[in-house]
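The following report is meant for someone meeting this structure for the first time.

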Amino acid sequence: MPKSKRSTRSGPSSAVAGGTAPYSLAQRTATSCGGVSASSNKGGGVSANLVAPNTSLGQHFLKNPAVVTAIVAKAAIKPTDSVLEIGPGTGNMTVPLLQQSKNVVAIEYDTRMVREVLKRVEGTSEERKLKVIQGDAIKTRFPFFDVCVANVPYQISSALVFKLLSHRPMFRCSVMMFQEEFALRLTARPGEALYCRLSVNTQLLAKVDQLMKVGRNNFRPPPKVESRVVRIELRNPPPPVDFIEWDGMIRLLFNRKNKTLRSVLMTKSTLKMLDENIRTHRALNERKDDMCDDENKDARQIIEQVVAMEQWKDKRASKLDLDDFLSLLAEFNKRGVHFA
Ligand code: SAH
């Protein structure tokens with residue numbers, strides 16, 4: 001992957017001509033003649049330029065202006081807002097975002113798209129409000145923003161959600177398009193098939209709402225699966241829990257989410273790891289901990305005690321909710337067992 005760097009403007013300033021078949025950047029530059037093809041821009045506002053999409057970069061451009069309008073409306077952008085857009089592509093959402101906000105910072109990996117989106121606003125009153133950073137959004141430091149809007153590839157969905165969940169200062173909301181299954185994982189509840197580590201971690205740190213379904217034919221080219229738009233709002237204040245330790249426990253338990261807590265925690269490698277953590281924490285807290293009853297117990301003994309308690313007996317991660325996990329972690333921590 002190329003290193004992140006600021007882009008500089010280049011390329012012709014005219015709007016890009018539409019055509020019937022995707023064509024390369026070289027061809028596009030040579031044939032560029034301004035105007036937009038009626039066939040792919042009936043509702044206006046959505047670019048008809050036909051830079052060949054690179055699907056390995058998840059390039060599925062939103063071609064239905066009604067969907068673009070609906071997504072931007074859901075973000076409820078104020079004229080004073082700074083917007084962060086991840087993966088602007090040819091700028092189909094960037095333009096309405098610019099029209100409604102104070103400014104937009106867009107992070108785009110593909111240099112061809114960086115040129116496209118800059119060209120899209122060149123010479124317009126929105127031009128000065130847009131800054132494009134060329135780079136991988138996961139590795140790029142985010143600027144300050146009030147609202148984040150993104151239609152991003154599946155490969156970076158999870159990393160992007162985690163990056164946003166830990167972003168500070170807190171932003172007002174993030175409106176994001178994901179593959180349907182990924183979006184449903186974010187809001188899955190205990191007992192549902194899609195309930196997973198992503199569901200638990202996201203719901204611990206944020207409130208997530210399903211906003212709309214978007215069919216595959218609203219994209220060019222259509223992806224293999226349907227999409228959904230969700231809104232993510234960080235919980236403020238954040239829950240009083242050490243996230244690294246929390247995630248350590250959740251990761252372990254969801255590795256085998258349908259096994260009992262006892263059988264997941266009693267494996268040789270987990271016990272070894274927990275015993276090491278016990279030793280480290282005891283060494284670090286030598287003086288503070290001297291009233292602890294469990295001081296001489298090892299991980300196996302403490303786990304046996306906890307999983308024998310009425311509320312944890314025969315329980316499986318797949319059926320536990322956030323409050324259950326919070327009290328389970330507190331129970332272990334109280335007895336000196338730590339997951340990080
Ligand atoms: N938002 C536009 C484009 C969506 S396609 C629209 O809705 O029409 C997804 C975009 O994300 C592409 O432009 C792709 O190049 C970009 N992208 C892919 N991986 C990225 C990454 N790691 N960081 C930033 N942008 C990325």
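## Helix H6 and its surroundings

The buried residues of helix H6 pack against helix H5 (154-165), strand E7, helix H7 (197-205), strand E8 (206-214) and strand E10 (227-234), where helices (H or I, at least four residues) and strands (E, at least two) are DSSP runs numbered from the N terminus. Contact here requires that the C-beta atoms of two residues, placed from the backbone, lie within 7 Å. In H6, which spans residues 180-187, the buried residues are Phe182, Ala183, Arg185 and Leu186. Seen down the axis of H6, these buried residues fall within an arc of 155 degrees, so they line one face of the helix; the arc is that of the directions from the helix axis to the C-beta atoms. A residue is called buried if 20 or more other C-beta atoms, placed from the backbone, lie within 10 Å of its own, exposed if 12 or fewer do, and partly exposed in between.

This is a predicted model, in which local features need pLDDT of at least 70 and side-chain atom pairs count only at pLDDT 80 or more, while totals for chains, interfaces and linings use all residues. Residues are numbered from 1 along each chain as its sequence is written.

## Overall make-up

The protein contains 12 helices and 10 strands, and buried residues make up 34% of its 340 residues. Among contacts with a separation of 6 or more, 66% join residues 24 or more positions apart.

## An enclosed helix

Helix H4 (residues 111-121) has 8 of its 11 residues buried, so it is largely enclosed by the rest of the structure. Those buried residues include the charged Glu116 as well as Val114 and Leu118, and they pack against helix H3 (94-100), strand E4 and strand E5. Just after H4, Gly123 takes a positive phi of about 80 degrees.

## Nonpolar cores

A nonpolar core is a set of buried Ala, Val, Leu, Ile, Met, Phe, Trp, Tyr and Cys residues joined through C-beta atoms within 7 Å. The largest one has 53 residues, and those with the most contacts inside it are Ile71, Val147, Cys148 and Val149. Strand E7 (residues 173-179) gives the largest share of this core, 5 residues. A second, separate core of 21 residues includes Ile250, Val307, Leu328 and Leu329.

Two of these residues, Val307 and Leu328, are among the contacts of Trp312 once neighbours within four places in sequence are left aside. Trp312 lies in the loop between helix H11 (299-307) and helix H12 (322-334) and is partly exposed, with 19 other C-beta atoms within 10 Å. The C-alpha atoms of Trp312 and Leu328 are separated by 8.2 Å, although the two are 16 residues apart along the chain.

## Around the ligand

Of the 24 residues around the ligand, those that come nearest are Phe61, Gly87, Gly89, Ala137 and Asn151, a residue being near if its C-beta atom, placed from the backbone, lies within 6 Å. Strand E2 (61-62) and strand E4 (103-108) are the elements that give two or more residues to this shell.

An unreviewed UniProt entry places the feature "binding site" at His60, Leu62, Gly87, Glu108, Asp136 and Asn151; such annotations may be inferred rather than shown by experiment. Is His60 buried or exposed? With 22 C-beta neighbours inside 10 Å, His60 counts as buried, and its place is in the loop between helix H1 (25-31) and E2. Asp136, in the loop between strand E5 (130-134) and strand E6 (147-151), counts as partly exposed, with 15 C-beta neighbours inside 10 Å.
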